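I am opening a notebook on a structure that is new to me. I will look up its pocket space and then its charged pairs.

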Amino acid sequence: MTPSANRAAHATKNSSAFRTVARAGFAASGVVHVLIGIIAISLATGGSGGEQADQSGALQQLASAPGGVFLLWAAAVSLAALGVWHLLSAFLDRSVSSGADRAKHMVKNGAKGIVYLTIAFSAGVFAAGGSANSSSSTSSLTADLLAVPGGVFLVVAIGLVLIGIAGYLVFKGVTRRFERDLRVPGGVAGRAVRVLGTVGYVARGLALAGVGVLFLVGAITNDPEKSTGLDGALRSFVDLPAGVVVIILIGAGWIAYGVYAFFRARFARL
């Protein structure tokens, strides 16, 4: 990166206006999580109406709501800004200088940036009148991987990585390491943030573990239709003992994380 480009990147990352838009990205993420939680609970109680309990289902609900197109464009812009902020932080933030910690910082923020940009792109697709199906996309990806030599190992690797990330999310919630990401307010608000963050991260971890397991099942059975993303993972809980209760608890946890994300929009360390 040239010196002038480096200065421009730093100026963008540190701009108060840019940070304000990026903070709105947390709120947009919160809306998506709340909607996914509501759909999950509806799925458990038999009232989902065929809606997907995942990102696509949440965005479709936004698209059909009054003023939904405006909300989707606002979400796309703010999520894109948040994604770019994380990518800039990955490469420009020199507060972490040691080798291993530096690499971990770059990987973590780079991954977050890609995730937020992906959600921003999906929101933009729905805002422009398009649609997407996360379950079908996941199955297609699995099918493409299984079709190449050694692809089954890649599918297994994806499943194991997702389970590993899921374990970290549960760990982050239980140990409250998420408090490092924001300036926790005092009083009742602070207690609410801690409870919502703990419940939310654990619920996200359990759901993501289910997604990882479905990748493993798809690899073992050589059946890409078994790998259906978050919606499929939640639906797979239905057949488990007390599965309906599990889905309701996970859905409530995703709603809790969504509310936590609203607090994060206000108190995040950017």
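A pocket, as I use the word here, is an open set of grid points with protein on both sides within 12 Å along at least five of seven lines. I note at the start that the model is predicted.

I looked up the largest pocket and found about 1,600 Å³ of space in it. I counted 45 lining residues, and the closest to the centre are Val115, Ile119, Leu162, Arg204 and Leu208. Several elements give two or more residues to this lining, among them α2 (16–45), α7 (151–174) and α8 (187–221). Which element gives the most to the lining? I found that α5 does, with 12 residues. Sorted by class, the lining has 26 nonpolar, 12 polar and seven charged residues.

**Entry: the salt bridges**

I then listed the salt bridges and found five in the structure.

Asp181 pairs with Lys172, with 2.9 Å between the closest N and O atoms. Both Asp181 and Lys172 are buried. I also found Lys172, Asp181 and Arg264 linked in a network of salt bridges.

Arg194 and Glu179 form a salt bridge at 3.4 Å, N to O. Arg194 is in helix α8 and Glu179 is in the loop between α7 and α8, so this pair ties together parts 15 residues apart in sequence. I have Arg194 down as partly exposed, at 25% relative accessibility.

Asp231 and Arg235 meet at 2.8 Å, N to O, in another salt bridge. Both lie in helix α9, four residues apart, or about one turn of the helix. Asp231 is buried at 7% relative accessible area, whereas Arg235 is partly exposed at 31%.

Technical notes. Residues are numbered from 1 along each chain as its sequence is written. This is a predicted model: local features need pLDDT of at least 70, side-chain atom pairs count only at pLDDT 80 or more; totals for chains, interfaces and linings use all residues. Side-chain values use heavy atoms; hydrogens and water are left out. On a 1 Å grid over the protein atoms alone, a cavity is a set of points where a 1.4 Å probe fits but cannot get out, and a pocket is an open set with protein on both sides within 12 Å along at least five of seven lines; lining residues have an atom within 4 Å of a point. Grid points are joined across faces, edges and corners, and a volume is the space filled by probe spheres set on the points. Ala, Val, Leu, Ile, Met, Phe, Trp, Tyr, Cys and Pro count as nonpolar, Asp, Glu, Lys and Arg as charged, and the others, Gly among them, as polar. A salt bridge is a side-chain nitrogen of Lys or Arg within 4 Å of a carboxyl oxygen of Asp or Glu. Buried means under 20% relative accessible area, exposed over 50%, partly exposed in between (1.4 Å probe, protein chains only).
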